[in-house]
Amino acid sequence: MELNRRTFLRVGALGAVWLGMGPDLMAADPFESLKVLSTDPPNAEPHLADLVRDWITPVEHFYVRSHAVAPKLDPGTFKVSVEGLVQRPMQFTLGELTGKLQPRTVTATMTCAGNRRNEHSKIKKIDGVPWGEGAIGNANWTGIRLADLLKKAGIRESAKHIWFEGADRIPKGGDVITFGGSIPLEKALEDATPALVAYEMNGKPLTADHGFPLRTVVPGYIGARSVKWLRRIVVSDRPSPNHYLQGAYKLVEEETPEFLAKAPPIYEYILNSAICVPASGSKVDSPVDVRGYVLGPGDPHVTVAKVEVSADGGKSWTQAKLLGKEMPYCWRLWQVNIDLPEGSTELIVRATDSQGNQQPQTVPWNVKGYMYNAWHHVPVTTG
Ligand SMILES: Nc1nc2c(c(=O)[nH]1)N[C@H]1C(S)=C(S)[C@@H](COP(=O)(O)O)O[C@H]1N2
Ligand SMILES: [Mo]
């Protein structure tokens, strides 16, 4: 932990200098307000009561999912390249990105495909980071539209996929690999809520854990497509060969080359909701104030129609109030007061989207524990 913490502080301080901020602002332990699931690599999620306090998730309550320790990148010499099927291969320094190009801010929810794995693992044991319901957060991301960078480099006609490569070094099977992946060209060129090459999160430089100095943010896609410590963008006629597109982030029953070769990569996230307050196992009064989040599927034309909570095993449901405004690729917080019977009971939540799709009561198990979106149950006691 100590070594990681020092690494965070050093890179954080460089980021602060780069934007002319006082280093004190970034001197706190970035994991202080999180539940730490592992330190090397750093993986941590917020306490659920913290998560539903604000529609925009403060950085200190935003989950961290990294496959290796954050690389130390010098913002003074850092460059990102745009290469492959382009007319003009290019490199951009941070100064060029932050000073010369039109910035754009996008509000988008990021969620890990492994969110809620802990519960998924109760069906049958799953390896991997044992996420609760906190591998999700909503932030304001500022950067350059990926489409603008591609336009500058001039993509060739045969282009179909945009690859991303991070600067992290991940030990894997005696080798060292980098985190990467790709998105289809149409997604990279989506106009209304564009994919970004982002350098700020909630108005401040990215922290080391969230990808300082640069990451992609791909609204509507699982977090794995938003590559941190971004250093290469490659335009190609095919999907990235990177392990995190070809091998991980697929729904398979067995982790064998045969199963993996047949399964498509996961891109869009799916409809999901969870109860964040009251906490699982807590003693509460009736009626109880129930709060949580809901995220529609990663499709800008589909919204959340309703969120319902049950306290009788799903026999009867009460509709929750959706708070705040509806925005594409953003979660909504919700609230409802529910009468409880005396003694032990379970609160259950399920959401329905504008196409009539509803979170299922149970979902089929997959070996990597991705995309778990069954009804969320929270046991509580009254009296
Ligand atoms: N370079 C790099 N990018 C990465 C990762 C990583 O390990 N290395 N993890 C991915 C995964 S699985 C997720 S869910 C998100 C998490 O972003 P966050 O840590 O900022 O919440 O980053 C993605 N980008
Ligand atoms: Mo993830």
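A residue counts as buried when its relative accessible area is under 20% and as exposed when that area is over 50%. Cys 330, with a relative accessible area of 6%, is therefore buried. The structure described here is a predicted model. This briefing covers its cysteines, salt bridges, nonpolar cores, ligand surroundings and backbone geometry.

**Cysteines**

- A disulfide is a covalent bond between the sulfur atoms of two cysteines.
- A search of the whole structure finds 0 disulfides.
- Cys 276 takes part in no disulfide, and the nearest cysteine sulfur, which belongs to Cys 112, is 16 Å away.
- Because its relative accessibility is 3%, Cys 276 counts as buried.
- Cys 330 is likewise in no disulfide; its nearest cysteine sulfur is that of Cys 276, 16 Å away.

**Salt bridges**

- Side chains of opposite charge can pair when their charged atoms come close.
- The count for this model comes to 15 salt bridges.
- One of them joins Asp 50 and Arg 53, whose closest N and O atoms are 2.9 Å apart. Asp 50 is buried, at 13% relative accessibility, whereas Arg 53 is exposed, at 54%.
- Another salt bridge pairs Glu 190 with Lys 187, with the closest N and O atoms 3.2 Å apart. Lys 187 has a relative accessible area of 8%, so this residue is buried.
- Arg 350 and Glu 308 also form a salt bridge, and their closest N and O atoms are 2.9 Å apart. This pair links distant parts of the chain: Arg 350 belongs to strand 23 (residues 344-353) and Glu 308 to strand 19 (residues 304-310), and the two are 42 residues apart. Both Arg 350 and Glu 308 are buried.
- Glu 83, Glu 165, Arg 231 and Arg 232 are joined into one network by salt bridges that share partners.

**Nonpolar cores**

- In soluble globular proteins, nonpolar side chains tend to be buried together.
- The largest nonpolar core of this model has 60 residues. The residues with the most contacts inside this core are Leu 146, Leu 149, Ile 162, Phe 164, Ile 233 and Tyr 249.
- Helix 5 (residues 146-153) gives the most to this core, contributing 4 residues.
- Which residues does Ile 162 touch, not counting residues up to four places away in sequence? They are Leu 146, Leu 150, Gly 181, Ser 182, Ile 183, Leu 185, Ala 188, Ile 233, Val 234 and Val 235.
- A second, separate core has 20 residues, including Val 290, Val 307, Ala 351 and Val 378.

**Surroundings of ligand 1**

- There are 19 residues around ligand 1, and those that come nearest are His 67, Asp 168, His 210, Arg 215 and Lys 228.
- A polar backbone atom of Arg 65 is 2.9 Å from an oxygen atom of ligand 1.
- In His 210, an N or O atom of the side chain lies 2.6 Å from an oxygen atom of the ligand.
- A polar side-chain atom of Arg 215 is 2.7 Å from an oxygen atom of ligand 1.

**An exposed loop residue**

- Arg 169 is found in the loop between strand 8 (161-166) and strand 9 (170-172). Its relative accessible area is 62%, so Arg 169 is exposed.
- Although Arg 169 and Ala 68 are 101 residues apart in sequence, their C-alpha atoms are 6.5 Å apart in space.
- Apart from neighbours within four places in sequence, Arg 169 is in contact with Ala 68, Val 176 and Ile 177.

**Backbone geometry**

- Most residues other than glycine have a negative phi, and most peptide bonds are trans.
- The peptide bond joining Phe 212 and Pro 213 is cis, with omega about 5 degrees. Pro 213 lies in the loop between strand 13 (204-205) and strand 14 (215-217).
- A cis peptide bond also runs from Ser 286 to Pro 287, with omega near -5 degrees. Pro 287 is placed in the loop between strand 17 (283-284) and strand 18 (288-295).
- Trp 229 is not a glycine, yet its phi is positive, at about 50 degrees. This residue sits in the loop between strand 14 and strand 15 (230-236). With a relative accessible area of 1%, Trp 229 is buried.
- Tyr 249, also not a glycine, has a positive phi of about 55 degrees. Tyr 249 lies in the loop between helix 7 (243-246) and helix 8 (257-262), and its relative accessible area of 5% makes it buried.

Definitions and conventions. Residues numbered from 1 in each chain as written. Chains lettered and ligands numbered in written order. Predicted model: local features only at pLDDT ≥ 70, side-chain atom pairs only at ≥ 80, totals over all residues. Heavy atoms only, no water. Disulfide = S-S within 2.5 Å. Buried < 20%, exposed > 50% of the residue type's maximum accessible area, 1.4 Å probe, protein only. Contact = heavy atoms within 4.5 Å. Salt bridge = Lys/Arg side-chain N within 4 Å of Asp/Glu carboxyl O. Core = buried A, V, L, I, M, F, W, Y, C linked by side-chain atoms within 4.5 Å. Near = heavy atom within 4 Å. Polar contact = N/O pair within 3.5 Å; in protein donor to acceptor, adjacent residues only side chain to side chain.
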